[in-house]
Amino acid sequence: MSADTDAASVGGPEDRPAGGVGLATSGASRPESPGAGPRRWLGDRIGSVEVLAALLILLIIFREPLAAALDTPRVQTWTTVFVSIMVQAVPFLIFGVLLSAVIAVFVPRSFWARALPRHPALAVPAASAAGVVLPGCECGSVPIAGSLIRRGVTPAAALAFLLAAPAVNPIVLTATAVAFPNNPGMVLARGLASLVVAMVMGWLWLRLGRTEWIRMPRRPELDDASRGRAFWGAVRHDVTHAGGFLVLGAMAAACINVLVPQRWLQTLADNPALSILALALLAVLLSLCSEADAFVAASLSQFSLTSRLVFLVVGPMVDLKLIAMQAGVFGRRFAFRFAPATFVVALSVAVVAGAVLL
Amino acid sequence: MNRQAQAVVLLLLGGAVLRASITDLYLRYVKEGLRPFLIAAGLLLVVAAIMTLWYELRPTRPGAPAHDDGVGHGHDGDDGSGHDHHEPRVGWLLILPVLGLLLVAPPALGSYAAEQTGTTLSAPRQSDYPPLPDGDPARVTVLDYAARALFDRGVSLGDRRVLLTGFIATGADNEPILARMVLSCCAADGRPVKLGLTGDVPAGLPNDSWVEVIGRYSDRIGRDPVNEAEIPYLEVESWRQVPAPKNQYD
């Protein structure tokens, strides 16, 4: 994988004497080992553990004024929404991270060569179908897709999986059926449209995508001789990394939730074209979990069925927390191309599906 | 953020999730059904933290390769593109949910959220409603009452007395309304169900006070100024203030 070796060479030889490898034992877990450059922001003199401890002590001391500052209803609602997105997402994130660590450490590369069709154009639909079987949430599928690429799966197939897994799976489709008891066509339209989008994006990547857009961070711990160490290293890294970006996305979504008054939506609902665009954007901004968005779509009853289908197809594939996580796992150059393209494809496919099936 | 600090953050996050799911705190944010998954996730986070610390503090065998440069150069992989760092700096943000759960523990959504969002009732799941539960007054949820009053035009309610629990919020024309938030997944998708009140309307209560009202079906229908949806009314016979229930969502 060129991106991998590429990244690995950065920061490699210039400041790492090859002989020092076996020398610094994990007693060197204190970052101020002599080899590290002295130019770090948080300094190598003060380690992050010390910073963390100081931060926590300060927070406990200033707990009262902090709580008082959060006591206005708007800020309180923001905090509630933020915390609840995090609480809701944590189990899915952990599940995804564990699975991705298993893929990264225990599943041999040769497995993917055998499991997926050799030709990339055929691997795309196969990977989309695998996404259907696996119940997951978007927060979990990003690290899984990252692991797949790392293990040599063609990016097109991994990306198709990334899009299909949260959007079409048994849990999501059941939730949709429950939320739209009077429109059984909604389940079919959602499933088909999402699958088509995942495959189109995979094939689009084959034609237009460039490997250098994906910049996967270097992960030396994955090559560790001890499988246990590699596994827990991957779990630790993915939780802090993907989890950190999840926090970013959750904060953005909480802002939208508190700041965008629902009255605005009312005026948009009356115009068919505007309503489709409005719900597509709302899906991106709200960043709901794909297991929950059907109920929210059902409650937006002033909007047309097609525009609500757009909401359901776009939401699990492009939203603020996903963009943040993708930028973290695959790099910004990738995310800023992939997310808008997915948005356009999902919007058009859903409109067509709505016109035909609803 | 080096690996030990990451381990501490994971430990704190796992501890916060465990504490929230073992107490009833989690009910302010998510549905009851998520509890086992939250406990499992919290435990896994704690295990991940312990394993990280164990591998960090344990002396390595002299021959073991490849690992140590990761530590020594833990956070200086980002010489290149700026994002390609090995030890993620973004992990510092994970302190925020820990703070939110351990120090702040924000309350469940209340009247502010209810007033910002339009009342939510999706079209009926079935055309005829089952009879009310036994008892006088019959205990029903705000959601159930609203659906029967609106889509069944009160037929299944008849002349029965019903008992509902909800909180007070301000409706159109500054009149008090009875509301309850409904979750489908987490508080981010929380939507209010609102009831107008006639008869012995609870007076002098601040918003977010929880009340138990006993009343009968009223055929009066109002409109929610937020989304123009219909709001059914309840003819209140009596009411009393109650403490907030354990699960504040319907």
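Student: Is the crossing of H15(A) and H17(A) left-handed or right-handed?

Tutor: In this predicted model, the crossing is right-handed. A crossing takes that name if the near helix is turned clockwise from the far one by less than a right angle, and is left-handed if the turn is anticlockwise. Helix H15 (residues 305-314) and helix H17 (residues 332-357) of chain A pack at an angle of about 140 degrees, their axes being 9 Å apart. Axes are lines fitted to C-alpha atoms, for helices over the stretch in contact, and angles run from 0 to 180 degrees between N-to-C directions.

Student: Which residues of H15(A) and H17(A) make the contact?

Tutor: H15(A) contributes Leu305(A), Thr306(A), Leu309(A), Val310(A), Val313(A) and Val314(A), and among the partners in H17(A) are Phe343(A), Leu347(A) and Gly354(A). Two residues count as in contact if their C-beta atoms, placed from the backbone, lie within 7 Å. By class, this contact has 13 nonpolar, two polar and no charged residues. The nonpolar class holds Ala, Val, Leu, Ile, Met, Phe, Trp, Tyr, Cys and Pro; Asp, Glu, Lys and Arg are charged, and the others, Gly among them, are polar.

Student: What is the confidence in chain A?

Tutor: The average pLDDT, which is the predictor's confidence in each residue from 0 to 100, is 80 for chain A, and 85% of the residues score at least 70. Over residues 1-40 of chain A, however, the pLDDT is below 50, although this stretch has 78 contacts in the model beyond near neighbours in sequence. Where pLDDT is low, predicted coordinates should not be read in detail.

Student: Why is Leu312(A) called buried?

Tutor: A residue is buried if 20 or more other C-beta atoms, placed from the backbone, lie within 10 Å of its own, exposed if 12 or fewer, and partly exposed in between. Leu312(A) has 30 such neighbours and therefore counts as buried. Leu312(A) is in helix H15 of chain A, and touches Thr176(A), Arg190(A), Asp293(A), Ala294(A) and Ala297(A), residues up to four places away in sequence not being counted.

Student: What makes Val90(A) buried?

Tutor: Val90(A) is buried because 29 other C-beta atoms lie within 10 Å. Val90(A) lies in helix H4 (residues 73-105) of chain A; a helix is a DSSP run of H or I of at least four residues, a strand a run of E of at least two, both numbered from the N terminus. Setting aside residues up to four places away in sequence, Val90(A) touches Val17(B) and Ala41(B). Of the 358 residues of chain A, 54% are buried.

Student: What is the handedness of the crossing of H1(B) and H4(B)?

Tutor: That crossing is left-handed. The axes of helix H1 (residues 3-22) and helix H4 (residues 95-104) of chain B come within 9 Å and cross at roughly 35 degrees. Leu12(B) and Ala16(B) are among the H1(B) residues that meet H4(B), where the partners include Val98(B) and Leu101(B).

Conventions
Residues are numbered from 1 along each chain as its sequence is written. Chains are lettered from A and ligands numbered from 1 in the order in which they are written. This is a predicted model: local features need pLDDT of at least 70, side-chain atom pairs count only at pLDDT 80 or more; totals for chains, interfaces and linings use all residues.
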